[in-house]
Amino acid sequence: MVETLMTNPVLARGGGVALWRQIASAVEADISAGKRQPGERLPTEAVLTERFAVNRHTVRRALEELEARGIIRVEQGRGAFVAEDVLDYPLGPRTRFSETIRRQNREAAGRVLSITEIAADAQVAAGLGIRRGRSVLRVARLGLANGRPLVLGLHHFPLPRFAGLAESLTLQASITVALSACGVPDYRRQSTRITARLPSPEEAKHLMQSRSRPVIVAEALNTDPAGVPVDWTLSCYAAARVQLVLET
């Protein structure tokens, strides 16, 4: 089946308007007209290069412009997609990923990437209020909405209190359920510190985004009802897909 993108893909050469700008305008016009839906994948660079009879650098420049303006998003190794609406993610005393996603009529899912026992470094020790070098359980978990990765979280739980957490997470990738199984049926957000930076190669890979696009980083401490730290988390959010909303 032949893909359809432009009603009239013929470019005006020598008219004073750069070819890449014309390509960007044509793609944007089709998106604005509803011919391409949010989240839909665009034709590959090779297809666009052939269609417009230009070199790949010209097509790439057009896509970079559209990405910079938030009209499309480019995912490493997957191609270009029409940008989706940015999801609001409230941060409050009881932040729960699945509940937050479902309230916005999206399907929530979690994927545990790794579970390891490590010695707490200075940052983790300070976050949990424990001595440096103490054993903690580190859980890398990916949170998804409608199959799209939104956040990569590195959770840290003090040992031996949460030694049984790993077994619970192998059955269900829910931090809330796992903590409940370990005797913490409820927990509250004690503090959150938010910054922004460019992602590491691993973070970009898991979040399925370019390394040139920033991530929102949140350091969060969760405590049990007695105020004892149970989880210090370093979360990386895909900034193009989510905006954090602070609740008081």
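Visitor: In which loop is Pro160 found?

Guide: Pro160 sits in the loop between strand 6 (148-158) and helix 6 (165-171). This is a predicted model, in which local features need pLDDT of at least 70 and side-chain atom pairs count only at pLDDT 80 or more, while totals for chains, interfaces and linings use all residues. Residues are numbered from 1 along each chain as its sequence is written, and side-chain values use heavy atoms, with hydrogens and water left out.

Visitor: Is the peptide bond from Leu159 to Pro160 cis or trans?

Guide: Most peptide bonds are trans, and most residues other than glycine have a negative phi. The bond from Leu159 to Pro160 is cis, its omega being near 10°.

Visitor: How many disulfides does a search of the whole structure find?

Guide: A disulfide is a pair of cysteine sulfur atoms within 2.5 Å. The search of the whole structure returns zero disulfides. Cys182 has a relative accessible area of 22%, so it is partly exposed. Cys236 has a value of 2%, so it is buried.

Visitor: Which residues touch the most other members of the largest nonpolar core?

Guide: In soluble globular proteins, nonpolar side chains tend to be buried together. A nonpolar core is a set of buried Ala, Val, Leu, Ile, Met, Phe, Trp, Tyr and Cys residues joined through side-chain atoms within 4.5 Å. The largest core here has 19 residues, and Ile23, Phe52 and Ile72 touch the most other members. Two or more residues each come from helix 1 (19-32), helix 2, helix 3 and strand 2 (79-82). Helix 1 gives the largest share, six residues. Another core, of 16 residues, lies apart from this one and has Ala125, Leu142, Val217 and Trp232 among its members.

Visitor: What does Ile72 touch?

Guide: Contact means heavy atoms within 4.5 Å. Residues up to four places away in sequence are not counted, and the partners of Ile72 include Ile31, Leu42, Leu63, Leu66 and Phe81, as well as the charged side of the list with Glu67 and Arg213.

Visitor: How much space lies in the largest pocket?

Guide: Pockets and cavities are found on a 1 Å grid over the protein atoms alone: a cavity is a set of points where a 1.4 Å probe fits but cannot get out, a pocket is an open set with protein on both sides within 12 Å along at least five of seven lines, and lining residues have an atom within 4 Å of a point. The largest pocket holds about 570 Å³; a volume is the space filled by probe spheres set on the points, which are joined across faces, edges and corners. Its lining has 32 residues, and Arg96, Phe97, Ser98, Arg141 and Ile175 lie nearest its centre. Elements that supply at least two lining residues include helix 4, strand 5 (135-145) and helix 7 (175-181). For residue classes, Ala, Val, Leu, Ile, Met, Phe, Trp, Tyr, Cys and Pro count as nonpolar, Asp, Glu, Lys and Arg as charged, and the others, Gly among them, as polar. The pocket lining divides into 14 nonpolar, twelve polar and six charged residues.

Visitor: Which residues line the largest cavity?

Guide: The structure has one cavity of 30 Å³ or more, and about 60 Å³ of space lies in the largest cavity. Its lining includes Glu67, Arg73, Met208 and Ala240. Strand 1 (residues 72-75) gives the largest share of this lining, three residues.

Visitor: How many helices and strands does the chain have?

Guide: The chain has eight helices and ten strands. Of its 248 residues, 43% are buried.

Note on methods: Helix = DSSP H or I, 4+ residues; strand = E, 2+ residues; numbered from the N terminus. Buried < 20%, exposed > 50% of the residue type's maximum accessible area, 1.4 Å probe, protein only.
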